[in-house]
Amino acid sequence: MKGTDTAAEDRVFAALANTTRREVLRLLREEGPQPVQDLADHFDMRRPSLSEHLKVLREAGLVSEQRSGRQRIYRLEAAPLAEVQDWLHPYERFWRGRMKELGALLDRMPDDDPA
């Protein structure tokens with residue numbers, strides 16, 4: 001990924017490897033910033049376990065935390081996801097090319113006559 005060090009890249013990919021953390025990111029994307037308890041209500045786990053997931057996301061730069069009184073509000077930070085997109089782009093081009101080749105091959109094949 002451009003402009004980041006390998007350790008930062010590894011933290012982002014490690015954070016994204018977990019389904020709970022991906023779901024937290026989806027919730028923050030779709031529903032906006034939320035306190036920990038609102039996020040925890042979506043999962044069948046104790047709040048300390050969710051806090052560990054939030055810590056991983058925070059260390060990867062994927063979420064930020066802001067205190068509001070006694071609450072901690074979490075917000076999606078999408079910049080590292082753009083870097084993941086940049087890393088994935090060549091693979092998307094590769095598969096688009098392969099699918100185009102497959103389509104061309106199928107177009108050249110004779111149709112089966114059901115008669």
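Colleague: What is the relative accessible area of Ala8, and is the residue buried or exposed?

Modeller: Let's start with the idea: a residue is called buried under 20% relative accessible area, exposed over 50%, and partly exposed in between, using a 1.4 Å probe and protein chains only. Ala8 has a relative accessible area of 18%, so Ala8 is buried. Before we go on, please note that this is a predicted model, where local features need pLDDT of at least 70 and side-chain atom pairs count only at pLDDT 80 or more, while totals for chains, interfaces and linings use all residues. Residues are numbered from 1 along each chain as its sequence is written, and side-chain values use heavy atoms, with hydrogens and water left out.

Colleague: Thanks! How many helices and strands are in the chain?

Modeller: Helices (H or I, at least four residues) and strands (E, at least two) are DSSP runs, numbered from the N terminus. The chain has five helices and three strands, and from the N terminus they follow the order α-α-β-α-α-β-β-α. Its radius of gyration is 21 Å, well over the 13 Å that the globule rule gives for 115 residues, so the chain is more spread out than a compact globule. That radius is taken over C-alpha atoms, and the globule rule is 2.2 Å times the number of residues to the power 0.38. Along its principal axes, the C-alpha trace spans about 75 × 40 × 20 Å.

Colleague: How do I read one helix? Which residues of α1 are buried?

Modeller: Here is the general idea: an α-helix has 3.6 residues a turn, so residues three or four places apart point the same way. In α1, residues 6–16, the buried ones are Ala8, Glu9, Val12, Ala15 and Leu16. They cover an arc of only 130 degrees around the axis, so they lie on the same side of α1. The arc is that of the directions from the helix axis to the C-beta atoms. The cover over these buried residues includes α2 (19–31), α4 (47–59) and α5 (79–108).

Colleague: What is the relative accessibility of Val12?

Modeller: Val12 belongs to helix α1, and its relative accessibility is 3%, so Val12 counts as buried. Val12 and Leu57 are 45 residues apart along the chain, with 7.8 Å between their C-alpha atoms. Ala8 and Met45 are 37 residues apart in sequence, and their C-alpha atoms are 27 Å apart.

Colleague: Which residues is His53 in contact with, leaving aside its neighbours within four places in sequence?

Modeller: Contact means heavy atoms within 4.5 Å. With those neighbours set aside, His53 touches Asn18, Thr20, Arg21 and Met45. His53 sits in helix α4 and is buried at 15% relative accessibility.

Colleague: And for the chain as a whole, what percentage of the residues is buried?

Modeller: Buried residues make up 26% of the 115 residues. Among contacts between residues at least 6 apart in sequence, 47% join residues at least 24 apart.
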